[in-house]
Amino acid sequence: MLRSTDPSRPASMDELLDSTLIAKISRLDLTSRKIFAGKLKGERRSKKRGESVEFADHRPYVSGDDLRHIDWNIFGRLDRLFLKLFLEEEDLSLHIVIDASESMDCGEPSKFLYAQRFAMALGYVGLVNLNRVAVTAVGGMVETGRSDASPAQAGLASASKDNDADTERREVSDSSLHTIRDLRGRRRTQDLARFLCSLRPAGATDFGDQARRLALARRGRGVMVVVSDFFMKEGYEDGLRLLVGRGYDLFAVQCLSPQEVEPDIGGDLRLVDVEDGDRAEVTISAPLLKKYRKNLAAYCDGLRNFCARREITALTVQTDTPVDVLLLDYLRRRGLVR
Amino acid sequence: MPGGRMTFATPMLAIIAAAIAVPALVILYFLKLRRRSVEISSTLLWKKAIQDLQANAPFQRLRKNILLLLQLLALAAALLAVAQPEKKTAETTGTRHVLLIDRSASMAARDGNGGLSRLDAAKKDAVKLIDSLDEGDIFGADAHEAMVIAFDTTARVVQGFTSDKARLREAVESIEQTDAPGSIREAFQLARAHRPRPAGEPSGDPEPDADVFAGIVPPQTFHLFTDGRLADLDSFSPTSRDSVIYHTAGDPKTTNIGIVGLRAERGYEQPEHVTVFVGVQNTAPEPRSVEVELLIDGVPSAVRDVSIPGAETREGVVESGGENGVRAELRPEPGRGGLVFEMDMSRGAIATVRVHTDDAFATDDEGVLVIPPATKTSVAVVTSGNLYLAEALAGLPLATLDTLTPEEFKAALEDGRADRYDVVVLDGILPPNTSPGRALGPGRWLILGAVPGGSEGLIDRGEAGMTRFVDWKRNHPVLRDLTLEPVRIGVGRRIEIGENSVAVPLAETTAGPGIVEMLTPESRAIAVLFDVAESNWPFDVSFVVFLASAIDYLDTVSGAEGGARSVRPGEVISTRLPARASAVRLVSPDGDSHALTTTPDGRVTWGPVRRAGLYTLRWRGDTGPLDVSDGGEAVRPIASNLLDAFESDIAPESEVALASRIVSSSSRESMGVRRYWRWLLLGSLLVMMLEWYVYNRKVRL
């Protein structure tokens, strides 16, 4: 709940993703309740009929069809030309949206660090399964002055090598949206880690606005995981509505620090909002704490209800929950990974 | 009035202070509360929670805030202190208190808790009262002042008006028991004399009318610490604005058996035959039988049983002064009994009479009596020639009878030879006057045909012509068994008894008193005011009987009223020593020796006597006719006995009837004014400390 006094910023991938976690999550693969069209051949079944080995259907031959796909056995039996259709296997787009507003830089363990670790782990799962992975930090800033090849730049550079048309737009660093996208393959894990390590929480989020921009800049459908505390004064509803309206299979992971769930402050306090400096003068008393807890529960319920009505999978997690538990248990049950 | 109501001395002030302070505190609380800034992830939920709470109850914040509550509590205590709550447990007026503490004999009765004497109990109460006196309030209002007067027969200001409680306490503690009978008159006069007077008013005004000064003289509160056994309570006349609080001492059920009369007589014809009369009084309702022991010079000589009837409950209605008017129940009349010891003893002796009883009051259980040696009376007749007088006296059994002319008598007085005479009969002249204002000089006088003047004497309005006796005191020792009816007085005198006169009429003529008795501390006289020669009295047998009785009465030195050889506690020992007595000292019953100086005419005075018992005057020089010689020193014993039936009836009064009102005893547990502001301020301080503690405990993370 309080701003972390000594925020430990991860500097390398090892700090975000240790080997035991890698061992645990290596077996996982991303999944989606929806089937999306991919861009490249991947390991995911696509709606498209394609060139995989998995049979899908037959259809009558029309002129112009590829003769290679004619089912000659049927032609032999029925003397009619049928095309044999196969399922296309494509990649799955995974888009992780991290709330990098200052409010995430609170709590013990820090919510932002937790979000980073979670994004790293999930991204790793995505990358090793040949999916396209994109990470967007909403709000916050990217530390660039550390070296010539900043992580973001490196990720950008490495990403641009094997990708196509929108190389130059792959790393969008306007005022509050920092994105690394189109990462694919195990080799990109370092890029992902560098990007994540370069993020610094700052400022406030205008989640609705950012979500609109994200939605407009959508590149292909896929799974989107929003990691935030969802403490947004202007409300999270518009943003989520926009995102889900663009056809994403949306997951909302709400990170809360243990101190937010169970405040351990007392006395006459002036509570200052780290994002907008808003003040609330409170005198901590048992009824007030009771009210706070009730409000928090109602808030989380509100988020869950909102998401449930829109086929968004919502999940509230405390930052003292290990990331592997989150992945292997919570998210597996909710169908993000398998 | 037990369980007095709590009132406030300055309620308006407190209300005004509260009207300012309470809103100020609350406003300050909201405005000036020092809050620690704490950065948190989002105020979203908190704001909502606060809004919710405030929506639920606007004053939730106040109510649930223990700090503010404690501050309000501390403030409330302080404001209450400003209001100065006080509990008037007894009606008091003014800020001046007069503590009248009775130290008379009956206050020695040990009927308090744990054998505490009444005086000790009264002193404890008085100290309690002093402790509860107002020390002035926080705004410098007058502290209550008190003065302490101790009284028995006489009164003394132990401590003048002061608000210094330590001195008052010390004064109260310094009061010592005496064996004197109680009398409040002098105490009240002292208290009145110390009362502040309006400027310009002569301080010597003997009787400031109560209500004339009501508006000018501040009222005061009299605290009477006594058992109520005061015979002259009706001389206590506080103004109508004064309060009187009666702090009773003692247990109303206390009974007592004591000696109330003690007297030794030698036979007139046989002086060696001594009769000791002992009067005993019982205040218990049931008859009692006690042993009475007689000791001669400390050696037990006789023991007698005496039965005393129980006290009789009298019923009736009596008019008692004050607003209550009529009071129905009377005090039981104590039972009286007496016994007589008889013996033959020609020497002088000290007789001690002891009543064996274990009652609470010990003072009257023992009496001392000086039995003079058996002597016959020496009488001098001072006359310019009076045959019938000489003839009448010659028939009496006297030791010596000298006839002197006035000139010879004057010479005898000057060289001290006159001391040899027990009684001097003055025919038509007055005794020499040694001190101005006194009617008589020291000595025992039988005056015939002269009128003692002066302020203590009588007013002679001239001749009255033929007159006769109309009334006389038939039970007086001098006139006992006499009939004066046949006496015709040729030339009577119009006599008036002045206001300050010590004369008590024994026989009244149609023109005024005919025979008076005059008792002063130093002299004792019977005066026949008309000229006996101008009447037929010398020819009546009653004249001889009168002379004999009068000389015997005047000469009686042993006995309760026996002049200088006996003195009641509270009175002054005043006796005349032979000429050239030196190194005079008085040994009191407790063994203390007091050096005395003699006046030029050989008189010594000491006192007032505080304790009963045997006092002994010792000096170097000649012994008087009744003195004894002991190791080269002359010794004159003087007995001091309470012998007061009123004082021995020790059951305390539940109410005292003053001149203008009846005051009931106040409850012992609660008296005076209790002010609580100190406790409230202390409470306020404690609450503030608690608040600080809570504050420091709360503000931590």
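How many residues of chain B are in contact with chain A, and how many of chain A with chain B?

## Interface between the chains

In this predicted model, 27 residues of chain B are in contact with 33 residues of chain A. On the side of chain B that touches chain A, at least two residues each are supplied by β2 (36-40), α2 (44-56) and α3 (60-63) of chain B. The largest share, nine residues, comes from α2(B). By class, this side of chain B has eleven nonpolar, six polar and ten charged residues.

Strand pairing also links the two chains. Strand β11 (residues 268-273) of chain A and β2(B) run parallel and are joined by five bridges. Opposite D273(A) stands I40(B), a residue of β2(B).

## Nonpolar cores

The largest nonpolar core has 88 residues. Those with the most contacts inside this core are L99(B), L100(B), I101(B), V148(B), I149(B), A351(B) and L369(B). Not counting residues up to four places away in sequence, L100(B) touches I149(B), F151(B), A187(B), A191(B), F222(B), H223(B), L224(B) and F225(B).

Another core, of 87 residues, lies apart from the largest one; among its members are I25(A), I98(A), M104(A) and F207(A).

## Helix packing in chain B

Helix α5 (residues 118-131) and helix α6 (residues 165-173) of chain B pack at an angle of about 175 degrees, with their axes 10 Å apart. Angles over 145 degrees count as roughly antiparallel, and α5(B) and α6(B) are therefore roughly antiparallel to each other.

The contact is made by K123(B), A126(B), V127(B), I130(B) and D131(B) of α5(B), together with K165(B), L168(B), R169(B), V172(B) and E173(B) of α6(B). By class, the contact of α5(B) with α6(B) has five nonpolar, no polar and five charged residues.

Terms used. Residues are numbered from 1 along each chain as its sequence is written. Chains are lettered from A and ligands numbered from 1 in the order in which they are written. This is a predicted model: local features need pLDDT of at least 70, side-chain atom pairs count only at pLDDT 80 or more; totals for chains, interfaces and linings use all residues. Two residues are in contact if their C-beta atoms, placed from the backbone, lie within 7 Å. Helices (H or I, at least four residues) and strands (E, at least two) are DSSP runs, numbered from the N terminus. Ala, Val, Leu, Ile, Met, Phe, Trp, Tyr, Cys and Pro count as nonpolar, Asp, Glu, Lys and Arg as charged, and the others, Gly among them, as polar. Two strands pair if DSSP finds at least two bridges between them. A nonpolar core is a set of buried Ala, Val, Leu, Ile, Met, Phe, Trp, Tyr and Cys residues joined through C-beta atoms within 7 Å. A residue is buried if 20 or more other C-beta atoms lie within 10 Å of its own, exposed if 12 or fewer, and partly exposed in between; C-beta atoms are placed from the backbone. Axes are lines fitted to C-alpha atoms, for helices over the stretch in contact, and angles run from 0 to 180 degrees between N-to-C directions. Angles under 35 degrees count as roughly parallel, over 145 as roughly antiparallel, 65 to 115 as roughly perpendicular and the rest as oblique.
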